[in-house]
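Here are my notes on the model, as numbered points. Please read them beside the structure.

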Amino acid sequence: MNSHYFIPDATLQSRPQTFSYEFNGRTFKFTTDVGVFSVGKMDGQTDLLLRNMPPVEGSLLDMGCGYGCIGIALAGAHGLTLTQADVNPRAVELTKKNCAENGVASTVVLSDGFENISGSFHNIVINPPIHAGKQTVYRIYEGAFEHLCPNGNLFVVVHKKHGAESTVCKLDEIFKNCETFYKKKGCFLLRCKKL
Ligand SMILES: C[S@@+](CC[C@H](N)C(=O)[O-])C[C@H]1O[C@@H](n2cnc3c(N)ncnc32)[C@H](O)[C@@H]1O
């Protein structure tokens, strides 16, 4: 039996846990569960990304959404048109529940990378599934380039110990303009623009 958050496993017994998260003057309520990334609390890297993102507008795709926190917090704060996707069915169900709980509208899609995603977005945000392997993560970055509007932005959070430097190289190869807009304790926040 597997129990990794990036390998869907419907046999894992459900043990939901809920926590509150203050963001932009609002209190969000998130339910998490075993078998989904970061059970019972927001991941520190996710929190760092949310608290240091530049303002975004228009549409947002939250790729690899987990229980949905990034998209829900940003759309709840800035009124974005939100789409969220994850390969893990339990993550997709939690995201739908958390959207309803927080009054945020979202199109939530079960998708392996961009397989079931159509259209283009003004912004895409990814806290990448590092443990799923470089091939999967790089395929997702290439898909992001394909699915951004002209002048659209990709935001990625990655830690030095999970290959921040090789991520910058790969994103530079795809976008030609990968910028580190925030760095703290080995955690890099990256932005690439589709020119
Ligand atoms: C590091 S977690 C981030 C979750 C959430 N965005 C957060 O910050 O809490 C990466 C997410 O990517 C998802 N994932 C893994 N492989 C994927 C794939 N091929 N396509 C889409 N999502 C994938 C995992 O299920 C997981 O929810």
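Is Cys178 buried or exposed?

1. Cys178 counts as buried, at 14% relative accessibility. Buried means under 20% relative accessible area, exposed over 50%, and partly exposed in between (1.4 Å probe, protein chains only).

2. The model is predicted, so local features need pLDDT of at least 70 and side-chain atom pairs count only at pLDDT 80 or more, while totals for chains, interfaces and linings use all residues. Residues are numbered from 1 along each chain as its sequence is written, and side-chain values use heavy atoms, with hydrogens and water left out.

3. A disulfide is a pair of cysteine sulfur atoms within 2.5 Å. The whole structure was searched and zero were found. Cys149 is in no disulfide, and the nearest cysteine sulfur, that of Cys192, is 16 Å away. Cys178 is in no disulfide either; the nearest cysteine sulfur, again that of Cys192, is 3.9 Å away. Cys149 is buried, with a relative accessible area of 15%.

4. Helices (H or I, at least four residues) and strands (E, at least two) are DSSP runs, numbered from the N terminus. Helix H2 (residues 69–78) has seven of its 10 residues buried, so it is largely enclosed by the rest of the structure. Among them are Cys69, Ile70 and Leu74. Just after H2, Gly79 takes a positive phi of about 60°.

5. Strand E9 (residues 187–193) is also largely enclosed by the rest of the structure, because five of its seven residues are buried. Two strands pair if DSSP finds at least two bridges between them. Phe188 in E9 is the bridge partner of Val158, and Lys183 stands opposite Phe188.
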